[in-house]
Amino acid sequence: MKFMQKLPPALTGKARVAIVLVAFGASIATATSTAAQTASPAVALVAVAQGLKNPWAVAFLPQGQFLVTERSGQMRVVSATGQVSAPVAGLPAIATGGQGGLLDVVTDTAFEANRRIFFCFSEPAAPGARGNSTALGRATLSPDARSLQDVKVIFSQQPKVESSLHYGCRIVQAADGNLFLALGERYQRKDDAQKLDNHHGKVIRITPDGSVPPGNPFVSQSGALPEIWSYGHRNPQGATLAPDGTLWMHEHGPQGGDEINLPQPGRNYGWPVVTYGENYGGGKMGEGTAKAGTEQPLHYWVPSIAPSGMAFLTSSRYGAAWQGSLFVGSLKFGTLHRLEVAGGKVRREEKLLQGNGERIRDVRQGPDGLLYMVTDSAEGRLLRLQPQ
């Protein structure tokens, strides 16, 4: 292992961060490259805003502003100079607690024309009923960015269950405008991930108005829910489009076995029958690491890194060494993982921000071509990775 280190006494606004190159070990499913390694760029971790309460996602607004969700149920606008707004008004009822709350947010690809956003959250059952589920909402951000208008829940995961775990809840809008939503299996309902009569442990695909688009794989299958795109997922915490428009996602394994998958229509990704992880506390989970009729992950981690957030870097702001790489945050270690991808395989992995000490919840490329992250804590921060 060789490394280049730039460590401050404490991690502050413009402190440089440690950059450590790590070779793949036996726990990685894909091959490593033996080519000469290109030196990583020097970067500084810049605090754009702080004092956010367990921020979960960041989206980008015009004039350098940001839209940030807080798991406790608030949505806030952060100015280009780091001022955090009062909560944006107009959100629907949210079931907060455990892993639930206000989770992902994305702006419509035509936001500058329609000011539309999509957000997902844990939705409580109707009055008098029990349980909750992941839901996807659509709204228009008011011109002054203080409220949501025309709010509509366009999808509700079924069935609702009494759980505060494994909501999933990452949103991706494809080039055709349709929406992918990655859904967790709610933990104690893990076996549901292999059944098509529910939305637990699924990736779904819907239109911006919530209807089922043509081409979904189970539209004509009796007993299957038509929104389902792929199944056999555990707890997806990151999803993004590759530069070629392919959907990529990652999901938490149990004890070990976090995975990167490329969800294809109608495919089964194995959980809980197939996994590279094991039961909490040890012991076999499922039937093994492979089974006919299930897909292998593109990449996996043992031990788990608890991935969250995911973005391809398409810009050249950090130089040629990083352009085209996939970046994944780690909740467990507070690291940022850079994966070099070529020929449909992960060839090399580099760990950034070692010693950072903050849980990375989301990773996005901004309109300026730089990488932004939010950190999951009661005093969470919005961070920018600044090239030097």
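**Exercise 1.** Are Arg361 and Asp376 buried or exposed?

*Solution.* Start with the cut-offs: buried is under 20% relative accessible area, exposed is over 50%, and partly exposed sits in between (1.4 Å probe, protein chains only). Arg361 turns out to be buried, and Asp376 is buried too.

A quick note on the ground rules: this is a predicted model, where local features need pLDDT of at least 70, side-chain atom pairs count only at pLDDT 80 or more, and totals for chains, interfaces and linings use all residues. Residues are numbered from 1 along each chain as its sequence is written, and side-chain values use heavy atoms, with hydrogens and water left out.

**Exercise 2.** Work out what links Arg361 and Asp376, and where each one lies.

*Solution.* Step one: their side chains meet in a salt bridge, 2.9 Å from N to O. That term means a side-chain nitrogen of Lys or Arg within 4 Å of a carboxyl oxygen of Asp or Glu. Step two: Arg361 is in strand 24 (residues 360-365), while Asp376 is in the loop between strand 25 (371-375) and strand 26 (380-387), so the pair ties together parts 15 residues apart in sequence. Strands here are DSSP runs of E, at least two residues, numbered from the N terminus. Step three: salt bridges with shared partners join Arg71, Arg359, Arg361 and Asp376 into one network.

Conventions. Helix = DSSP H or I, 4+ residues; strand = E, 2+ residues; numbered from the N terminus.
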